[in-house]
Amino acid sequence: MPFEVGIKDIIDIVLVALMLYYIYRVMHESRSLNVFVGIMVFILIWLTVSQVLEMRLMGSILDKLVSVGVIGLIVLFQEEIRKFLYTLGAHQQFKPFMKYFTSANTHAKEEDKETIMPIVMACMNLARGKVGALIVIERSTPLDDIVDTGDKIDAAINQRLIENIFFKNSPLHDGAMIISKKRIKAAGCILPVSHNLDIPKELGLRHRAAMGISQESDAIAIVVSEETGRIAIANTGEFRLRLSAEELESILAKEITK
């Protein structure tokens, strides 16, 4: 019987190719490319032994290893899997569904100038003095686990308070400040650091931490560079660099109210 390739088979091959390409990208960014290659080699050996050579005993052993190995891979790459699921859920086409399911139990996002301007003015003053700062503004993704890594404050957003927290002699100036529900929730928080190789080398640890939290959540991270005094924003895994006060205000007003 001749082998026939239908539309369904072509779609199946394309989907598998796209899945493997995405896995390759994730592994490359997390510097686990050798693990990916090893997994692919093992899968080829498994298919050759069990399907081509039809070696029952060896095939049975490899089948058991594969069933156990799936659980091991989930444990080993839980962060990458979490990132994939977040990226899928954060896609623009799925956001209307997310709003439908979460509108009844999420906090309001309406941010007016009374909320945004103290952040903007504080960042400008910190930039003029070349005082490093990292401010994370929570949106729909809860950051409770990040808040727990720092010192809880739960204070109204205030320009002077922000500047004092990031003052060079302050014990909290090295960590990140978390803003949620129009309040400063915590300071001195620890963020996940991005290992993306595309980040310019001149950007420091604060920028990598800002990129990390923007990749794992929909939060907006504002960075004030201690070396250059320049202001940047990390949002959805992308940087906006060298921002002026007007640009910073515009971005915050646009993105936070989405």
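**View 1. The hairpin of β6 and β7 in this predicted model.** Asparagine 235 has glutamate 238 of β7 as its bridge partner, and the two strands, β6 and β7 (residues 238–240), pair in the antiparallel sense over 3 bridges. Between β6 and β7 there are 2 residues, and threonine 236 in this turn has a positive phi of about 50°.

**View 2. Strand β6 and its pairing with β5.** Strand β5 (residues 220–224) also pairs with β6 in the antiparallel sense, here over 5 bridges, and isoleucine 222 stands opposite isoleucine 233 of β6. The hairpin of β5 and β6 has 6 residues between the strands, where glycine 229 takes a positive phi near 75°. In a regular strand, side chains alternate between the two faces of the sheet. In β6, Ile231, Ile233 and Asn235 lie on one side and Ala232 and Ala234 on the other, and all of these residues are buried, so that both faces are covered.

**View 3. Glutamate 138, a buried charge without a salt bridge.** Glutamate 138 lies in the loop between β1 (133–137) and α7 (144–147). The nearest side chain of opposite charge, that of lysine 181, is 6.2 Å away, whereas the side chain of serine 180 makes a polar contact with the glutamate 138 side chain at 2.6 Å.

**View 4. A nonpolar patch on the surface.** Helices α2 (33–52) and α3 (56–76) each supply at least two residues of the patch, while methionine 55 lies in the loop between α2 and α3. Methionine 55 counts as partly exposed because its relative accessibility is 40%.

Conventions. Residues numbered from 1 in each chain as written. Predicted model: local features only at pLDDT ≥ 70, side-chain atom pairs only at ≥ 80, totals over all residues. Heavy atoms only, no water. Patch = residues over 30% accessible without salt bridge, like charges linked within 9 Å, V, L, I, M, F, W, Y side chains within 5 Å. Areas by Shrake-Rupley, 256 points an atom, 1.4 Å probe, with all protein chains shown as cover. Salt bridge = Lys/Arg side-chain N within 4 Å of Asp/Glu carboxyl O. Helix = DSSP H or I, 4+ residues; strand = E, 2+ residues; numbered from the N terminus. Buried < 20%, exposed > 50% of the residue type's maximum accessible area, 1.4 Å probe, protein only. Lys, Arg positive; Asp, Glu negative; His and termini not counted. Polar contact = N/O pair within 3.5 Å; in protein donor to acceptor, adjacent residues only side chain to side chain. Pairing = 2+ DSSP bridges.
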